[in-house]
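Q: I have this one open and want to go through it piece by piece. Can you take my questions as they come?

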Amino acid sequence: MRIFVPSETDRSETRVPVAPATVAKLLKLGAQVSVQSQLGKTLHLSDDDYRKAGAEVVERANGFAAADIVLRLRKPAREDIALLRKDCIHISYLDPFNEPQLVRALAAAGVTAVSMEMIPRSTIAQKMDALSSQANLAGYNAVTLAATHLDKIFPMMTTPSGTIPPAKVFVIGVGVAGLQAIATAKRLGAAVEAFDTRPVVEEQVKSLGARFVKVDLGETGQTAQGYAKELTPEQLDKQREAMAKHCAQSDVVITTAQIFGKRAPRIVTAAMVEQMKPGSIVVDMAVESGGNVEGSKLDETVDVNGVKILGVGNLAGRTARAASEMYSNNLGAFVDHFWDKENKTFRLDLTNDILKGCVITHGGEILNPQFK
Ligand code: NAD
């Protein structure tokens with residue numbers, strides 16, 4: 001089977017979907033791999049680095065035209081879909097909840113489209129879980145970003161010149177990104193507290209040495225996949241009321257709250273930001289899905305009376321090498337898991353639980369019932 005890896009077309013994208021090590025792994029399976037010329041440019045990887053790993057370096061249109069499988073990061077542009085062969089397996093982020101027309105176009109083109117976001121969060125699929133790999137790095141980067149903007153230091157420092165208390169960090173939303181944010185802030189020596197609507201998180205927060213903020217919101221809980229259930233407007237009001245005091249006391253607030261497939265909940269209001277100390281930093285990690293913080297803007301720093309609200313997109317891409325390696329490993333593990341080693345083909349077993357979750361279109365149809 002021929003696998004093609006195109007370059008990302010979004011100029012702000014620093015990550016590369018497939019690293020040379022993954023090319024070598026795919027070749028070992030018996031696949032032929034071609035990559036677009038300049039694929040690794042943002043990571044200072046040359047075409048020769050990919051050739052050495054065994055890939056053929058080709059022009060974009062030729063790569064698409066010959067591909068049985070396309071591996072990439074961001075969702076395809078319409079022009080790219082037109083270049084795909086019918087029955088091609090296209091594996092990338094798709095943002096299917098917000099891209100109904102794209103999903104329809106992929107179905108109409110007869111493409112088997114795999115959405116990396118829809119890979120189930122099961123133990124067996126962990127190695128392919130790009131949401132987790134990228135969220136981990138995003139959580140780390142949110143903290144280092146806040147640390148560089150803060151005019152204080154994170155750790156307590158006792159020196160002959162005086163004692164500086166540790167910075168206070170408050171993390172709202174403790175999934176993969178939130179846990180990594182807590183761990184990173186703790187490593188830097190901050191005093192950390194955190195809140196999540198899923199009660200199971202309390203133990204995880206405590207195990208990282210942070211304090212869990214308890215708020216009685218009544219019935220909350222999580223879905224079978226482990227995702228948070230949406231709060232009622234009354235519960236959200238209650239949450240905001242409880243969070244306000246903690247935000248006001250904090251030097252850094254990092255919000256990561258998401259409801260899978262929906263707009264992010266608005267947790268920090270403008271009034272809450274106004275009560276914060278000048279010089280404090282808010283990092284809205286949900287800015288790309290609607291924002292947890294009122295007034296946050298994508299890729300902008302908003303100053304509200306000296307409080308900086310950072311709304312940075314593609315946080316994982318700030319550490320592009322690590323993010324690329326992890327995403328590339330996720331893609332490699334996905335192909336490897338379904339590879340028929342005898343016949344050297346991808347086993348598209350649509351009864352498989354992982355594929356049932358993440359194959360969105362196939363055979364000219366929208367297959368996944370959530371998007372039909
Ligand atoms: P996510 O990005 O969907 O959401 C981030 C966090 O926001 C979640 O912890 C969620 O509970 C929280 N949240 C939602 N509304 C909130 C609110 N109003 N206030 C505060 N917090 C709020 O989450 P994620 O990181 O993708 O993780 C989702 C689930 O998947 C978790 O249960 C995680 O443990 C699980 N998971 C499982 C595996 C696996 O078993 N393979 C891998 C990764 C994640």
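Q: Is Val-5 buried or exposed?
A: Val-5 is buried, at a relative accessible area of 0%. Keep in mind that this is a predicted model.

Q: Where is Val-5 found?
A: In strand S1.

Q: And what does Val-5 touch, not counting residues up to four places away in sequence?
A: Pro-17, Val-18, Ser-34, Val-35, Gln-36, Leu-39 and Leu-71. For Val-18, which is 13 residues from Val-5 along the chain, the C-alpha atoms of the two are separated by 7.1 Å.

Q: Leu-71 is on that list. Which residues is Leu-71 in contact with, leaving aside neighbours within four places in sequence?
A: Val-5 is one of them.

Q: How many residues are in the largest nonpolar core?
A: 61 residues, and Leu-71, Ile-91 and Phe-334 have the most contacts inside this core.

Q: Which helix gives the most to this core?
A: Helix H11, residues 320–337, with six residues.

Q: What about a second core?
A: There is a separate one of 53 residues. Its members include Ala-142, Val-205, Leu-217 and Val-302.

Q: Over to H1. Which residues of H1 are buried?
A: Helix H1 runs over residues 20–29, and its buried residues are Pro-20, Thr-22, Val-23, Leu-26 and Leu-29. They are on the same side of H1, because the arc they cover around the axis is only 165°.

Q: What is exposed on the other side of H1?
A: Ala-21 and Lys-28.

Q: What comes just after H1?
A: Gly-30, with a positive phi of about 105°.

Q: New topic, the ligand. Which residues come nearest to the ligand?
A: There are 26 residues around the ligand, and the nearest are Val-176, Asp-196, Arg-198, Gly-226 and Gln-239.

Q: What does Gln-239 do there, in distances?
A: A polar side-chain atom of Gln-239 is 2.8 Å from a nitrogen atom of the ligand. On the backbone side, an N or O atom of Gly-175 lies 3.1 Å from a ligand oxygen, and Val-174 places a backbone N or O atom 3.5 Å from an oxygen of the ligand.

Q: How much of the ligand's accessible area does the protein cover?
A: 85% of the 850 Å² that the ligand has on its own.

Q: One more loop residue. Where is Asn-314?
A: In the loop between strand S15 (307–311) and H11.

Q: Buried or exposed, that Asn-314?
A: Buried, since its relative accessible area is 14% and the cut-off for buried is under 20%.

Q: Which side chains does the side chain of Asn-314 make polar contacts with?
A: Glu-13 at 3.0 Å, and Arg-15 at 3.3 Å. Leaving aside neighbours within four places in sequence, the residues in contact with Asn-314 also include Ser-12, Thr-14, Arg-74 and Glu-288.

Q: Last one, Lys-308. Where is Lys-308 found?
A: Lys-308 is in strand S15, and it is partly exposed, with a relative accessible area of 27%.

How values were computed: Residues numbered from 1 in each chain as written. Predicted model: local features only at pLDDT ≥ 70, side-chain atom pairs only at ≥ 80, totals over all residues. Heavy atoms only, no water. Core = buried A, V, L, I, M, F, W, Y, C linked by side-chain atoms within 4.5 Å. Buried < 20%, exposed > 50% of the residue type's maximum accessible area, 1.4 Å probe, protein only. Helix = DSSP H or I, 4+ residues; strand = E, 2+ residues; numbered from the N terminus. Contact = heavy atoms within 4.5 Å. Polar contact = N/O pair within 3.5 Å; in protein donor to acceptor, adjacent residues only side chain to side chain. Arc of directions from axis to C-beta. Near = heavy atom within 4 Å. Areas by Shrake-Rupley, 256 points an atom, 1.4 Å probe, with all protein chains shown as cover.
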